[in-house]
Amino acid sequence: MELDGRVAVVTGGTRGVGAGIARSFLEAGAEVVVCARRPPREPVSADGRTASFAALDLRDPAAVEEFFEAVERRYGRLDCLVNNAGGTPYRLLGEGGAERHARVVELNLLAPLTASLAAYPRLRETQGSVVMIGSVSGTRPSPGTAAYGAAKAGLENLARSMAVEWAPEVRVNSLVLGMVRTELAHLHYGDEAGIAAVGATVPLGRLADPSDVGAAAVFLASGRAGYVSGASLLVHGGGERPAFLDAATVNKED
């Protein structure tokens, strides 16, 4: 398999997109460590193999360094870091003080930087890679999640700068995600009818599955992407149909 003998860390890998990524890495043969503040309800497993779990607050640099030291002691190497942990509540800018928005930036931008810096010496030894999990929110207006969008824009730029500074030993790339169907999808899109209606706005006709993201992450971590660094791979099903096409009163199909 593509990642036999490799060791990967997936932050926020206990549910949703992170768990999907972890399962894809397990299926590709890697040893996988997932970390989050709370343990998963059930172990993250695939193909009869299970990811190990470590409790970790990524906003604590000392704890992050201790975590990567422990990974190195247990496995003797680190080949890939997937910076997946993140997220945000829906909050308009005027509904919270700057400190609330700053916490969103801390989780979605500073925490991946902290983890990447701690992982870097280990990745350099193995000619490994970093995969940032970005979002289309970083490339378009994001009302209600403005701090999240700003953080994701910064994360994509950070990845490009890392790719230059850390070459040729460590490759750094981003996956820029559109909408993904996870166990929390109803919080963003509503009931099954809402999820189906939102999925119909995507050119491919559905929301992504976490396994779609996982397959892309495995590619970027594998030798098949050996000359890919500083790249942003769009995983959004074709993006969004421009609103003006539906609003216009010409060029309509009968």
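Author: Before we start, a definition: rings of Phe, Tyr and Trp (its six-membered ring) pair if their centres lie within 6.5 Å, with planes under 30 degrees apart called stacked, over 60 edge-to-face and the rest tilted. This is a predicted model, so local features need pLDDT of at least 70 and side-chain atom pairs 80 or more, while totals for chains, interfaces and linings use all residues. Residues are numbered from 1 along each chain as its sequence is written, and side-chain values use heavy atoms, leaving out hydrogens and water.

Reader: How many aromatic pairs does a search of the whole structure find?

Author: The search covers the whole structure. The number of aromatic pairs it turns up is two.

Reader: Are the rings of Phe-67 and Phe-68 stacked or edge-to-face?

Author: Their centres sit 5.0 Å apart. The planes meet at 75 degrees, so the pair is edge-to-face.

Reader: And is Phe-68 buried or exposed?

Author: Buried means under 20% relative accessible area, exposed over 50%, and partly exposed in between (1.4 Å probe, protein chains only). Phe-68 has a relative accessible area of 2%, so it's buried.

Reader: How are the rings of Tyr-120 and Trp-166 arranged?

Author: Centre to centre they are 4.2 Å apart. With 25 degrees between the planes, this aromatic pair is stacked.

Reader: How many residues apart in sequence are the parts that Tyr-120 and Trp-166 tie together?

Author: Helices (H or I, at least four residues) and strands (E, at least two) are DSSP runs, numbered from the N terminus. Tyr-120 lies in helix 3 (residues 98-126), and Trp-166 in the loop between helix 4 (146-165) and strand 8 (171-177). So the pair ties together parts whose separation in sequence is 46 residues.

Reader: On to charges: which residue forms a salt bridge with Glu-65?

Author: A salt bridge here is a side-chain nitrogen of Lys or Arg within 4 Å of a carboxyl oxygen of Asp or Glu. For Glu-65, the closest N and O atoms of the bridge are 3.2 Å apart, and the partner is Arg-122. The pair links distant parts of the chain, with Glu-65 in helix 2 (residues 61-75) and its partner in helix 3, 57 residues away: Arg-122.

Reader: Is Arg-122 buried or exposed?

Author: Its relative accessibility is 10%. That value is why Arg-122 counts as buried.

Reader: Which helix holds both Glu-156 and Arg-160?

Author: These two form a salt bridge, with the closest N and O atoms 3.0 Å apart. They lie four residues apart, about one turn of the helix, in helix 4.
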